Structure formats: structure tokens, C-alpha cells
Amino acid sequence: MEKMNQAFEKMKMLVGVEVDDERQASTATIDDGSSSWFMDDFNRNCTLSTKQRFYGFAICFVAGVTCTLMSMLVFFNPIKFGIAFTLGNMLSLGSTAFLVGPKRQVTMMLDPVRIYATAIYLASMIFALFCALYVHNKLLTLLALILEFGALIWYSLSYIPFARSMVSKVMVACLDTEF
């Protein structure tokens, strides 16, 4: 049992949760003037133990990856594929909120470095669902899914230092037609 506790302590440090933060979150109120009252209330009501956070993350992430992989079974039906793929992306994105907390997740998503990537990614998910559920146009849904996949990659690269600039330079070098 001691090894399990040590492993959880190491995971807490990897995720950015300090050992005392968990206890303080359940008893103390967070009061910084820069955040909204809604997010403060929401964050106070979302106090989970570290073990519960890891279970929530694992369940949500596995469900998201499963939906994404299962969407490949209906690849030739873009409408069903779009729904399953987007649902998988939403579950996978939501799983990280279990690790860092909903307030920090939203703060990280709205960080000036990745605000545009976040907006495009969320808009592409909404657009893909709109095309699949309401428009029922296979070509438009497929184009929305391509946009969503590109936005997912760009959003994911925003968390890796210098990754977007490196990918941009490689793409410019690859697409340069002058010899």
C-alpha cells in the first residue's frame, strides 16, 4: 500500500498537483480577483481525491479513444463517423480536466498562446456535429472532419514548446515549389 501511495505522490507531482493542494482544495476557498465567480464555485464543487481524478481521467480517456477507434468501423458513412469521431475527441479533451481540474483546464485552453487553436478546435467540433446531425451532407461532414482533425493536431502541438513553429517551417519547406 505504501508503494501505491508513493506512486500517487509521484503522479501528483507530474500532473502539477502539490500534495497539500488536494487537502486545501476541499477545505479552503479560492479567492483570486482574476477569475470569475462561476468558475470558483464550479471548482470548489469539483473536489476529487487524486485517486478519483486518475480513475476519472482513465475512464474518460479510454472511452474517448474507444469512440475514436470505433469510428473507423463506420468510416465510409461520414455522418456516423463524424458523430463518433467528434464524441471521442470531446471525451478525450474532457478527460484532461480530471487531471488538472476544470478551472485550470479552461485557463490553459484560453492561454494567449493557444486561444486561437482552442477556438478553431472547438468550432470545428461544433461544425462537424452540425454537419452530421442537421445538414446530413456527407461531403460537408467529411470536410468538417478534416478541419477537425487538423485543428486537433494544431491544438495538441500548442502544448509542446516550439512544435507549431517547427511544423510550420517544415510545411513551408515541403510545399515550397521553387527549386
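1. Helices are DSSP runs of H or I of at least four residues, numbered from the N terminus. With that definition, the span of residues 81–101 in this predicted model is 95% helix and 0% strand.

2. The UniProt record, an unreviewed entry, places the feature "transmembrane region" at residues 54–75, 81–101, 113–135 and 141–162. One of these spans, residues 141–162, is 77% helix and 0% strand in the model. Its end C-alpha atoms are 32 Å apart.

3. Helix α5 covers residues 78–100. This helix has 23 residues and reaches 34 Å from its first C-alpha to its last, close to the 33 Å expected at 1.5 Å a residue. Following α5 is G101, with a positive phi near 95°.

4. How do α5 and α6 cross? Two packed helices are described by the angle between their axes and the distance between the axes. The axes of α5 and α6 (residues 102–109) come within 7 Å and cross at roughly 120°. That angle makes α5 oblique to α6, and the crossing is right-handed.

5. From α5, the residues that make this contact are L93, T96, A97 and V100; from α6, they are P102, R104, Q105 and M109. By class, the contact of α5 with α6 has five nonpolar, two polar and one charged residues.

6. Helices α7 and α8 pack with their axes 8 Å apart, at an angle of about 160°. Angles over 145 degrees count as roughly antiparallel, and α7 and α8 are therefore roughly antiparallel to each other. The crossing of α7 and α8 is left-handed.

7. On the α7 side, the contact is made by A117, T118, I120, Y121, S124, M125, F127, A128, C131, A132 and V135. On the α8 side, it is made by L140, T141, A144, L145, L147, E148, A151, L152, W154 and Y155. The residues of the contact of α7 with α8 divide into 17 nonpolar, three polar and one charged.

8. Most residues other than glycine have a negative phi. H136, although not a glycine, has a positive phi of about 55°; this residue lies in the loop between α7 (115–135) and α8 (138–157). F162, also a residue other than glycine, has a positive phi near 65°. F162 lies in the loop between α8 and α9 (163–175).

Conventions:
Residues numbered from 1 in each chain as written. Predicted model: local features only at pLDDT ≥ 70, side-chain atom pairs only at ≥ 80, totals over all residues. Heavy atoms only, no water. UniProt positions renumbered as here; feature names shortened; annotations may be inferred. Helix = DSSP H or I, 4+ residues; strand = E, 2+ residues; numbered from the N terminus. Axes fitted to C-alpha atoms, helices over the stretch in contact; angles between N-to-C directions. Parallel < 35°, antiparallel > 145°, perpendicular 65-115°, else oblique. Left-handed = near helix turned anticlockwise from the far one by under 90°. Contact = heavy atoms within 4.5 Å. Nonpolar A, V, L, I, M, F, W, Y, C, P; charged D, E, K, R; others polar. Expected span 1.5 Å × (residues − 1).
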